[in-house]
Amino acid sequence: ALLKLPEFRGADKAHQLMSFLADSKEKLPMPEEEPMKILIGPENVSEALQDTSVVVASYDIGDNMRGLIGVVG
């Protein structure tokens with residue numbers, strides 16, 4: 001339903017966002033010192049995400065490894 005929002009009705013904007021999510025996941029903002037990071041609009045570094053809000057949380061998966069889960073809306 002994200003693509004139904006007015007911000008993404010233009011094919012270029014929608015393509016930019018979908019390409020970012022498909023190909024550039026490693027560029028998502030990562031929480032460093034806190035367990036969660038929330039970025040709203042222009043706070044996002046990537047131009048593809050500047051019309052969205054992003055919430056990224058990290059969690060411990062053992063063996064000194066960590067997982068990330070994020071929501072873009």
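Which residue in E2 is the bridge partner of Ile38? In this predicted model, the bridge partner is Val55. The legends below take up the sheet, its pairings and the confidence values.

**View 1. The open sheet of three strands.** The strands follow the order E1-E2-E3, and their pairing is antiparallel. Strands are DSSP runs of E with at least two residues, helices are runs of H or I with at least four, and both are numbered from the N terminus. Two strands count as paired if DSSP finds at least two bridges between them. Strand E1 (36-40) and strand E3 (65-72) are the edge strands, each pairing on one side only. From one strand to the next the twist averages 20°; the axes are lines fitted to C-alpha atoms, with angles from 0 to 180 degrees between N-to-C directions.

**View 2. The pairing of E1 with E2.** Five bridges join E1 to strand E2 (residues 53-62) in the antiparallel sense. Met36 stands opposite Ala57 of E2, and Ile38 has Val55 as its bridge partner in E2.

View 3. Ile40 belongs to strand E1. Its relative accessible area is 52%, so Ile40 is exposed (buried is under 20%, exposed over 50%, partly exposed in between; 1.4 Å probe, protein chains only). Leaving aside residues up to four places away in sequence, Ile40 touches Thr52 and Ser53, where contact means heavy atoms within 4.5 Å. Between Ile40 and Gly62 the C-alpha to C-alpha distance is 30 Å, at a separation of 22 residues in sequence.

**View 4. The hairpin of E2 and E3.** Strands E2 and E3 pair in the antiparallel sense over eight bridges. Val54 has Val72 as its bridge partner in E3. Two residues lie between the strands of this hairpin, and Asp63 takes a positive phi near 50°.

**View 5. Confidence along the chain.** pLDDT is the predictor's confidence in each residue, from 0 to 100. The protein chain averages a pLDDT of 83, and 95% of the residues score at least 70. Confidence is highest in E1, at 92, and lowest in helix H1 (residues 11-23), at a mean of 81.

**Notes to the views.** Residues are numbered from 1 along each chain as its sequence is written, and side-chain values use heavy atoms, without hydrogens and water. Local features need pLDDT of at least 70 and side-chain atom pairs count only at pLDDT 80 or more, while totals for chains, interfaces and linings use all residues.
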